[in-house]
Amino acid sequence: MTIAANPPGASDVRPGRLDEGTLKGNFADLHPLLTPHEARVEAERCYFCFDPPCQQACPTAIDIPLFIRQIAAGNRSGAATTIFDSNIMGGICARVCPTETLCEEACVREAAEAKPVVIGRLQRYATDPTIANGKSPYARGAPTGKRVAIVGAGPAGLACAHELAIAGIESTIFEPREKAGGLDEYGIAAYKTADDFAAREVDFILSIGGIEIKRGQALGRDVKLEDLRRDYDAVFLGMGLGATNKLGLPRETELANVIDAVDYIARLRQAKDLSTLPVGRRVVVIGGGMTAIDAAVQSKKLGAETVTMVYRRGPEQMKASAYERELAQTSGVVIRYWARPAELEGRGDTLSGVVFESGNGGEGASAPVGSVFRLDADMLFLAIGQRGAPEALDGAAIEVKDGRIVVDAERRTTLEGVWAGGDCIYGGKDLTVSAVEDGKQAARSIAAALSASRP
Amino acid sequence: MADLRSNFLSVKSPNPFWLASAPPTDRKVNVERAFRAGWGGVVWKTLGEAGPPVVNVSGARYGAIHGPDRRLIAMNNIELITDRDLEINLQEIKEVKRAWADRALIVSLMVPCDEKSWEAILGRVEETECDGVELNFGCPHGMSERGMGSAVGQVPEYVEMVARWCKAHTRMPVIVKLTPNITDVRQPARAAKTGGADAVSLINTINSIMNIDLDRMTPDVVIDGKGTHGGMCGPAVKPIALSMVSEIARDSVCAGMPISAIGGITTWRDAAEFIALGAGTVQVCTAAMTYGFKVVQEMVTGLADYMDAKGYATIEDFRGRAIPSITDWQYLNLNYVAKAEIDQKLCIQCGRCHIVCEDTSHQAIFARINGKRQFVVNEAECVGCNLCTLVCPVEDCITLVHKVAGVDPRTGLDYDRPPANWTAHPNNPAVHAKAAE
């Protein structure tokens, strides 16, 4: 990624568009913690449904009515345990889950009055103190002598490791980056994980013991799958996705300020001082998923004057939910649908604008195919998805589909002794909560397999 | 507009809403504020005998239970009768009555259980030109330990005796205030009537400890580490009060005795319910202590609007109208059949009706129809118990429907059978015994 700060009049990309106080406010918690009274009143709104639709909608099947009732009854730590029983990363999920398309969409109060119980915020209310306490409420299981290699310290790998620890199985996590946490640490908007939450949650998970993290270790580069299979009793692959997709337009890789949104967000998340992070005056984001939204909103919060998000299809097809779109729009982001980039314009070797062709391509009503518009752009973010990275498997006999690993219901790959979960598997939902469920299910499957194989 | 004027024992008030004997009616300044806000009358906080003033605790004297939004569900208190000097109270009562001639001013009394004490206080109170007296035989805390309050109200013979003394020593109307801390409220009510009392008022507060503090292992409201039971009032006590009022209203001995109803009256509707059970006036305390005196304005307008809507010109037009519908269980029609019906358009699929019926009642609500989440009553099992309608969060989604045609799949009997109650039911052993004679 090249970010070039140019002289005025040409391209305008620079750090420190806003003062420190404004930046601090812009990147504060999106939804502050509920007060005890607010939590109690909200908790009492829960109907304690039979066969609860919210729980069915939760990929980790948290017993939502029970934990909410525990909050209502003043048992906050008990509520936290109910959540962690199903989802050890209930803290981050409370912050980043698209609850509006999961539990809260299923809430019967949504049907009744379009005002669901705010399950996500209650979950955060329940889990925050336990995580702040820094100690997993679970005891490590009696040692079985079994060891599992986990590739990737993201949500899938961490959830797997914690569940294995409960079963008395040690794990070693191989992680290419400096910090554990995966996309929770590097890939999610800062205002959703304020106060270094992702890192604190990692410490909370590791506190159970029996989990070792080897940093700077990438599969295929520093460590080989066949070695892991040989040295460990089982392997869990949770390495996420690889390279970001490209537009395939001329000069895409040469022009300065054409930026991979995933990289930029990672840089933002790791920046100690946000006022040192350069951002364009006029920002264009191409894409329709959460990364596109996070890049667009955070650009605005960094002080970009105009931010336009352009998506090639309509709002119904967009991966980002209506809630996320509204968040972007109320943050000042303009969203344009049914337009695809046709040409990148540069002044010298620096981006100056993007030409779009708008049209519906035969999918729904929209502007006529072929009309063209141009957006001035000092910075262009590409957020058009990431590809799987099956090359890291070194040609192992693992079935891969569309670059992603095929697994069964227990998250077993087609290769004996290898499990996988999270964004790297085929059919995954690209959600933290799904990754956690994958890790948990895989760990249970691994524990069962290893216990059966015990001499 | 409906005429809300009340004439209770010839005591007139512009509306039937009186403030009960309690802290809100402790002094002139409060009572005048209440009258300005629109209250029809007050029962002045209980006076005791002349002499050293009563001593109250200095610290929390009220406790409460709350809903999750801090809505007060019930309150209790350990306050005693007035701790102000008798002479000051008498002087203020006189001044207030002179200034507010159109309002009812009743004085509550509690003195030791001997005729001389009652004679003495009645003489003094009569001088104030107040409209009547209410004998406090109800307070369950503090004074009862000294042989007054509920200690009298729990012994019908004492009730009758004191009522008789009072009627002998005053020309003022005498209302006996009853305690609910008793098994059969009709007994003291009958005793009051036998003793010559003009009316009863009920209910006084209920023995209660509101909460236990699980950290300190004490009641949550304590005085220097110790607590005691208090008297409970507020919305939660209304059903108990309705039942007790109905018992007296239906009683052949007490029939026709005027009733001033008390117990959790918070809105016009609560008041109208007590009037429908025969109450001539209603007394309010907790609602005022929760919201201030202005609440009476909701009560007055609400009652008037209700009466207008129903075509009731005066309180008397609907007073007591619900009494004939209240009977003993044995007279309920056992051939009447109702079954629950769920309005699928209103149902929000919470499933509470199903799970409570399944777990705790008659397994009469299906949770799935053709494999799909849907809640439907199984008429072959439904006994019409009403539990589902009560737990349903959606108003009018579940209703009990009276079955009039066809055969009840649960019993195999026709829905349309002539009314029959337990007294003639074939399963009643007494019926067989009689037949065998």
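These legends walk through several views of a predicted model, with chain B as our guide.

**View 1. Chain B as a whole.** Welcome to chain B, whose C-alpha trace spans about 80 × 60 × 50 Å along its principal axes. Look for 13 helices and 20 strands as you find your way around the chain. Chain B has 437 residues, and 43% of them count as buried.

**View 2. How the parts of chain B come together.** Here we follow contacts within chain B between residues with a separation of 6 or more. Of these contacts, 70% join residues 24 or more positions apart.

**View 3. Where chain B touches chain A.** Twelve residues of chain B are in contact with twelve residues of chain A. On the chain B side, helix 11 (residues 352–360) gives the largest share, with three residues. Sorted by class, this side of chain B has seven nonpolar residues, three polar ones and two charged ones.

**View 4. Helix 7 of chain B from end to end.** This helix covers residues 238–250, which makes 13 residues. From its first C-alpha to its last, helix 7 reaches 18 Å, close to the 18 Å expected at 1.5 Å a residue.

**View 5. The buried residues of helix 7 and their cover.** In helix 7 of chain B, the buried residues are Lys238(B), Ala241(B), Leu242(B), Met244(B), Val245(B), Ile248(B) and Ala249(B). As you step along that list, keep in mind that an α-helix has 3.6 residues a turn, so residues three or four places apart point the same way.

Methods: Residues numbered from 1 in each chain as written. Chains lettered and ligands numbered in written order. Predicted model: local features only at pLDDT ≥ 70, side-chain atom pairs only at ≥ 80, totals over all residues. Contact = placed C-beta atoms within 7 Å. Helix = DSSP H or I, 4+ residues; strand = E, 2+ residues; numbered from the N terminus. Nonpolar A, V, L, I, M, F, W, Y, C, P; charged D, E, K, R; others polar. Expected span 1.5 Å × (residues − 1). Buried ≥ 20, exposed ≤ 12 C-beta atoms within 10 Å, placed from the backbone.
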